[in-house]
Structures are given as structure tokens and as C-alpha cells.
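Here are my notes on the model you sent over.

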Amino acid sequence: MPGVLSTLANAASGLVSSLTQRDWPDITGVHIGVACVAVGQVVVISYHYIHRTYCKPIPIQKEENKYEFMEGVLTHAKQPEGMALLLAYLYGTWAFKLMPESYYSFAGGVSLTHLAAQLLITDALQAFLHYVEHKASPKFYQISHKPHHRFLNPRLFDAFNGSFFDTVCMILVPLYTTANLVHCNVWSYMAFGATYAGWLVLIHSEYAHPWDPLFRRIGFGTAGDHHVHHKLFIFNYGHLFMYWDRLFGTYRNPTTVKQFNEGI
């Protein structure tokens, strides 16, 4: 027993020594990036409160989803599989220098080309893996994506309410793959993170947004489009864009779903 304890102590000491001597990158970039995402979430939640309270929005589904607003906010903030796992990914990949070198650069500003590329590639990968989760293995679906599908009539605060495996497969894998395909600077990475997180939350809204008709015409994902997936399961695997579903014949327009309200 003393020999085992001595071995463990030596291993722990070696790990601590390795970590303390490591050439860690400046963590400022990821701090600012996480702050940008947090501010974006505050803006989205504030918009949602004003929209639902004062603007008489149209509920997407005929069976309206009623709940206490603060309960929704607290539920959203306390999602371990969503928020905690994403934070671990962001800080871990940054601190251990797993991101391409360009991500650590503050030179230049936000590149709209890089921003668009990140959004499109991430969503394409996410749509593919989303389809795979549904179709590849019933057992994997049960432990990965099905927990999120208990929300047949989702609300805005259900966006990151999923399982560990679902978050890894459908969010972290596309994010890291995209990072290695699009070599942008830290500002474009921040802009992407805030836009991506905000958009994912908005498409789970229980109400139609004022911009939805325009977005639907140009192929951007809307709350109505995503409600189709939650209600019918076999359509609209994309999130931010509906291009992939239209290309492969899995798109369903929310205005044609009988369980949904007119005017969405």
C-alpha cells in the first residue's frame, strides 16, 4: 500500500510540475469571447421578454407553451450539458493550444467572409450529424438526441437542454472541425460564437419572429422551421440554414403544418 501511494504521489507531482512549466497562451482572448457570447445571450433574452410581453407575438404551435419567465431564464443558465460543456471546450482548446495559430491573433477586425464560412460549415456539419443521430443507431439516439426531443413544443430556453453525447456530437465536433477548416483571427471567432449561440436560442423560441418571413425566403433557419423538426422529427435537420434540407429533400415549410398557427 505505501508503494502504491508513493507512485500516485509521484505521478501527481509530475503532472503538477508539467502543468506549471507549460507555456500557456494568454487567456484574454477566450475571456473576451465568452463575455461576448454572454452579452449576446442577455440581448436575446431581453428581446424575448419584450417580444412576448409587449408585442403580442404569434405562438408557432396552436397549443401555446406557457411558463414563468424567470424559471425559463434559470433553467437556461443552469444547463450542465450545454453551458458547462461548452465552456470546458472553449477554455480547454484555447489553453492547450489545440486551435490553429491564427485564432490567437488580435490583428485585424472581424472578417465577414470568415464569419459566414464558420456559420455555413458548422451548420452543414451539424445538420449531417443531426441526421446521423436520428438514423444511424436507435440505441445511440436514445442516449444522445432523444432527451432533447422530449420538447415537442420547445421554448426559447430549451435550446441547450440536451444530453452530454448530443452536445459533443452535434455541437462540439462541428465547432472544432470548423475551427480547423477556417483559420480566422480571434475577433471573427468571437463574432461567430456570439452569432451562433444567439441564433440557436432564437430558433427554439415558441413565438414567430418579425424577420421570419424574410429569413424563410432566403433559406435562413427560423423558429418555425425548427419547430417542424421538434414536432414531426423527420424534417428540417439544419439549424441556422435550410439549404441542406432543401438540397436533400428533407425540408418542410412550417406554414404547411396543421398543428401550427397561421401567420407565422
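1. H2 passes H3 in a right-handed crossing (near helix turned clockwise from the far one by less than a right angle). This is a predicted model, where local features need pLDDT of at least 70, side-chain atom pairs count only at pLDDT 80 or more, and totals for chains, interfaces and linings use all residues. Residues are numbered from 1 along each chain as its sequence is written, and side-chain values use heavy atoms, with hydrogens and water left out.

2. H2 (residues 28-54) packs against H3 (residues 69-77) at about 160°, the axes being 12 Å apart. That makes H2 roughly antiparallel to H3 (over 145 degrees).

3. On the H2 side of the contact (heavy atoms within 4.5 Å) sit Gln41, Ile45, His48, Tyr49 and Arg52, and they meet Phe69, Val73 and His76 of H3. By type, the residues of this contact split into 4 nonpolar, 3 polar and 1 charged.

4. H2 has 27 residues and reaches 39 Å from first to last C-alpha, close to the 39 Å expected at 1.5 Å a residue.

5. Zooming out, the protein has 11 helices and 0 strands (DSSP runs: H or I of at least four residues, E of at least two). Of its 264 residues, 47% count as buried, and the C-alpha trace spans about 70 × 50 × 40 Å along its principal axes.

Terms used:
Axes are lines fitted to C-alpha atoms, for helices over the stretch in contact, and angles run from 0 to 180 degrees between N-to-C directions. Angles under 35 degrees count as roughly parallel, over 145 as roughly antiparallel, 65 to 115 as roughly perpendicular and the rest as oblique. Ala, Val, Leu, Ile, Met, Phe, Trp, Tyr, Cys and Pro count as nonpolar, Asp, Glu, Lys and Arg as charged, and the others, Gly among them, as polar. The expected span of a helix is 1.5 Å times one less than its number of residues. Buried means under 20% relative accessible area, exposed over 50%, partly exposed in between (1.4 Å probe, protein chains only).
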